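Morning, everyone. Please bring up the model on your screens, and we'll walk through a few places in it.

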Amino acid sequence: MNATSTTEKPANRPAKRVNLALQGGGAHGAFTWGVLDRLIEDKGIEVDSICGTSAGAMNAAVFASGFAADGREGARRALAAFWRRIADAGRLSPVRRPWLERLRGSWRMDNAPGLLVLSELARRFSPYQLGPFSKNPLAPVLKEMVDFDLIRYASGIKLFVCATNVRTGKIKVFRNDEVRLEALLASACLPQLFQAVEVDGEAYWDGGYMGNPAIYPLAAEAQSRDIIIVQIDPLYREEIPKTSKEIADRLNEITFNATLMREMRSMHFIERLIDGGVLGPPEYQRLFFHMIEADAMMKTLGVSSMMNVEWAFLEHLKDEGRQAAERWLAKNADAIGERSSIDVAATYL
């Protein structure tokens, strides 16, 4: 930690409450682990609410469970143990980084034989034809690492987990008293790989299709007016994709950013109505938006590296997340409660 660390709360900066919006992204969620690790280390930051999708929902649930058990340090330990368990479970996976990529120093998995076989199976067969092979391997990890009773009754953090209702196409947001193992699995259910997850008689797919993550629960139900978006999927790319792989990767990024961008456009429109005096308190109040991202690094990884759960890669992403959060705190901590630190229109419109 460098000399500019804000681990100890400065005397002139009282603790400020924030909401967190955590995107999904498979193994790239380890970047969010690093962000959370750094934010909770700062005594000047308190977490009001968290909304997450897929890996973001898992990070949120593990964080809330650990926080309920033993405060800030409990949350940090729980996240570290969770990602360590993911890496340990990944040692048995047939999807491994090719030696050529290892020699190149690349984390990508584009030509991994196991991933190519998995992709071919997904093209030819539905998860309902593959039986036990379509079970989410993270189920036992989540069952072991998350205390759902603590989340429901004792976390002190409002939790929102996003999934997509298969029948209606609408977003489903699970709140603390509804969050259980099936809700987390539903939030991370990619329909090409896993059978739809049933919760209370309804079938759900990955929340990224309808909210990655949703912002409205934080705007409507949280006490804090500050929302920090932990952005995993790159928003902008200078280069036009040319190869089939590049095109598929960019389509994936656009798809899983689409709902967030639409919702942020709506938020910006409401801001304009507030500024114009058309809307006002107590029903409407200005929100402050912030973003922690590492676009330059994420652009180099490719979608295939979301399947890479090697411990060295997860540690690398965690370090990147901590550094991104450190930079954000140094530059924007004073903005919390006062103003947005991003230009919403320039970023999302």
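How many bridges join strand 3 to strand 4? Five, and the two strands, residues 158-165 and residues 171-175, run antiparallel. Before going on, some ground rules. This is a predicted model, where local features need pLDDT of at least 70 and side-chain atom pairs count only at pLDDT 80 or more, while totals for chains, interfaces and linings use all residues. Residues are numbered from 1 along each chain as its sequence is written, and side-chain values use heavy atoms, leaving out hydrogens and water.

Back to the strands. Strands (E, at least two residues) and helices (H or I, at least four) are DSSP runs, numbered from the N terminus. Two strands pair if DSSP finds at least two bridges between them. Here, V161 stands opposite F174 in strand 4. Strand 3 and strand 4 form a hairpin, with five residues between them. In the turn, G169 has a positive phi of about 75 degrees.

Next, Y348. Find Y348 in helix 13, residues 344-348. Is Y348 buried or exposed? Y348 counts as buried because its relative accessibility is 0%; buried means under 20% relative accessible area, with a 1.4 Å probe and protein chains only.

Last stop, V62. V62 lies in helix 2, residues 55-90. V62 also counts as buried, at 0% relative accessibility.

Definitions and conventions:
Buried < 20%, exposed > 50% of the residue type's maximum accessible area, 1.4 Å probe, protein only.
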